[in-house]
Amino acid sequence: MARDVASVARYLRAELLPGAVPGARPVNAVLPLDDFGPPVDPLHATLVVAEEAALLGVAGDRRAALGETVVVTSADSPRLREAVRDAGITAIVGAPMPPSLLVPTLTSLLAVDQAAEARAITSAMRVLTLAARRSGITGVIAELAHRIDGWAVLLDRHGEVITTAGAGSLHIDDAIAVAVGRPVRVRHRALQVHPVGPGQDITAQLVTAPRNDSSGRGRELSSQAAALLDLLMRTRDSSQLERLGRSMMFETVREGGEEAARLLRRWGVHERVLVGFALASRTSGVDVEHLLGLWLDELGAEHVFTSQRGIVQGVVREDHAEQIAHRARAFASTLYLGLGRPAGTDALARSIDEARHACEAARTGGERVVRYEAIPTVSFVLGALDPDQTARLARLLDPLRAAERPAELLDTLRVFLACNGAWSESAARLRIHRQTLTTRVRRIEDLTGLSLSDPDDRVAAWLALRASDG
């Protein structure tokens with residue numbers, strides 16, 4: 001930790017007389033009075049060593065400039081105390097050593113301290129580099145926030161959030177306002193903005209706030225982290241193409257049918273029954289996609305998953321689902337895992353949707369692992385019904401089955417409910433225009449007499465779908 005004014009006074013076994021410079025301000029320079037000249041670094045304290053006679057002889061602008069420094073002297077007299085008090089000068093008086101030794105002693109003290117700071121920053125950058133290799137940009141931001149004991153926000157050149165760690169909504173608002181130059185009452189005195197990229201070619205902006213307002217180490221580490229982030233953002237990520245390919249293939253798996261089963265076999269998955277899963281993290285500091293990839297590699301399983309809006313969805317063997325659940329429960333940070341019911345490889349959409357509902361139930365209930373069949377709103381209701389009652393519940397959707405293109409309407413209803421009524425996401429998953437989705441939903445409502453904007457009707461429709469699946 002950087003040596004501050006108060007710790008210098010303690011080291012010298014001298015008395016600190018308060019003035020304009022706070023005792024907690026870090027010290028970065030020491031020089032004799034004859035070599036002193038303004039300006040000084042406002043974020044750090046400069047120690048000015050002087051003998052009493054020379055100090056008392058300073059006047060005018062030079063005396064005013066000393067008010068922004070910390071005077072260190074071996075002398076201690078009523079006259080000296082009165083002079084520094086009247087001038088508002090912070091002073092360390094009565095150092096028990098010859099005046100000629102003060103400058104070399106303090107220089108040596110700061111040199112040792114600065115060397116320790118440099119070693120600490122070098123060590124921290126090694127960890128940040130390792131985080132970059134393992135988790136990319138998200139990992140660097142999460143580790144940086146931990147290292148500076150504060151928060152970090154990475155914004156693109158337009159002020160849009162890329163990723164954050166340790167920052168609440170008010171912190172993010174401050175970061176955006178400062179980055180785009182909008183007037184704001186900054187809530188954190190140590191707010192720092194570091195451009196990511198050289199000169200005019202800025203790719204992003206890193207905003208950090210160490211918990212310690214005067215943390216020089218935090219400023220230096222954030223600056224070096226910005227250079228590392230610039231390298232990451234300018235390096236073409238070959239995994240992006242892999243993610244895109246997996247996402248497109250996963251959509252084929254969701255659609256089901258013989259094409260989905262054939263694709264899975266070519267993917268290296270030969271089981272006829274799989275389990276849908278959905279995995280998310282409580283914090284943005286965990287790269288869930290990367291973590292799941294490591295788990296699947298350990299299990300020798302194929303990477304049949306895709307990531308969307310912070311939730312990773314995929315399918316695995318039943319025994320692998322148990323292993324992933326065990327890892328999710330034991331992971332250091334809080335993860336939320338939802339598991340659907342087993343389904344055939346030609347009809348996995350239901351299990352994947354169930355897993356997403358179970359994941360949301362895990363988040364809501366604060367549980368790490370939730371199985372779809374254990375969700376009370378589904379299992380308790382359907383489990384309490386006899387076959388005739390279940391069939392009667394399923395008949396709620398008979399008007400859709402009797403309509404023209406029934407499979408299209410039932411699939412639209414299933415996806416719309418699985419997406420919690422999100423129009424854009426539902427249209428994207430169905431690969432139709434949003435207006436087409438609106439038309440289909442209105443038709444479903446007209447045929448069934450349900451209102452899909454009403455929570456009770458959505459529950460009834462979902463139970464009817466589940467009853468039909470059973």
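Predicted model: local features only at pLDDT ≥ 70, side-chain atom pairs only at ≥ 80, totals over all residues.

Trainee: Where is Arg 13 placed, and is Arg 13 buried or exposed?

Mentor: Arg 13 also has a positive phi of about 55° without being a glycine. Its place is in the loop between α1 (5-12) and β1 (15-17). With a relative accessibility of 66%, which lies over the 50% cut-off, Arg 13 counts as exposed.

Trainee: At what angle do helix α16 and helix α18 pack?

Mentor: Helix α16 covers residues 406-418 and helix α18 covers residues 434-448, and their axes are 10 Å apart. The two helices are roughly perpendicular to each other, the angle between them being about 105°.

Trainee: Which residues bring α16 and α18 together, and how do the residues of this contact divide by type?

Mentor: On the α16 side, the residues are Glu 408, Leu 409, Thr 412, Leu 413 and Phe 416. They meet Leu 437, Arg 440, Val 441, Arg 443, Ile 444 and Leu 447 in α18. The residues of this contact divide into seven nonpolar, one polar and three charged.

Trainee: How many disulfides does the structure hold, and why?

Mentor: A disulfide is a covalent bond between the sulfur atoms of two cysteines. The cysteine sulfur closest to that of Cys 359 belongs to Cys 419, and because the separation is 14 Å, against a cut-off of 2.5 Å, the two are too far apart for a bond. The number of disulfides in the structure is zero.

Trainee: What geometry does the aromatic pair of Trp 295 and Phe 331 have?

Mentor: The structure holds two aromatic pairs, one of them formed by Trp 295 and Phe 331. The ring centres of Trp 295 and Phe 331 lie 6.2 Å from each other, and the planes are 75° apart. Since planes over 60 degrees apart fall in that class, the pair is edge-to-face.

Trainee: How many residues apart in sequence are the parts that this pair ties together?

Mentor: Trp 295 lies in helix α10 (residues 288-299), whereas Phe 331 lies in the loop between α11 (318-330) and β13 (335-339). Trp 295 is buried at 6% relative accessibility, while Phe 331 is partly exposed at 25%. The parts tied together by the pair are 36 residues apart in sequence.

Trainee: Which residues does Ile 324 touch, not counting residues up to four places away in sequence?

Mentor: Ile 324 has its place in helix α11 and is buried, with a relative accessibility of 1%. Its C-alpha atom is separated by 8.3 Å from that of Leu 296, which is 28 residues apart from Ile 324 along the chain. Beyond its sequence neighbours, Ile 324 touches Leu 292, Trp 295, Leu 296, Leu 299, Val 316 and Leu 337.

Trainee: Glu 354 has a charged side chain, so with which residues is Glu 354 in contact once neighbours within four places are left aside?

Mentor: Glu 354 is found in helix α12 (residues 349-365). At 0% relative accessibility, Glu 354 counts as buried. With those neighbours left aside, the residues in contact with Glu 354 are Gly 340, Arg 341, Tyr 372 and Arg 466.

Trainee: Is Thr 345 buried or exposed?

Mentor: Thr 345 is placed in the loop between β14 (343-344) and α12. Not counting residues up to four places away in sequence, Thr 345 touches several residues, including Ala 260, Leu 264, Glu 271 and Val 273. Its relative accessible area of 11% is under the 20% cut-off, so Thr 345 is buried.

Trainee: What distance separates the C-alpha atoms of Val 70 and Asp 469?

Mentor: Val 70 lies in strand β4 (residues 70-72) and is buried, with a relative accessible area of 0%. Leaving aside neighbours within four places in sequence, its contacts include Val 5, Val 21, Leu 47 and Ile 92. Asp 469 is 399 residues apart from Val 70 along the chain, and their C-alpha atoms are separated by 78 Å.

Technical notes
Residues numbered from 1 in each chain as written. Heavy atoms only, no water. Axes fitted to C-alpha atoms, helices over the stretch in contact; angles between N-to-C directions. Helix = DSSP H or I, 4+ residues; strand = E, 2+ residues; numbered from the N terminus. Parallel < 35°, antiparallel > 145°, perpendicular 65-115°, else oblique. Contact = heavy atoms within 4.5 Å. Nonpolar A, V, L, I, M, F, W, Y, C, P; charged D, E, K, R; others polar. Phe/Tyr/Trp six-rings, centres within 6.5 Å; stacked < 30°, edge-to-face > 60°. Buried < 20%, exposed > 50% of the residue type's maximum accessible area, 1.4 Å probe, protein only.
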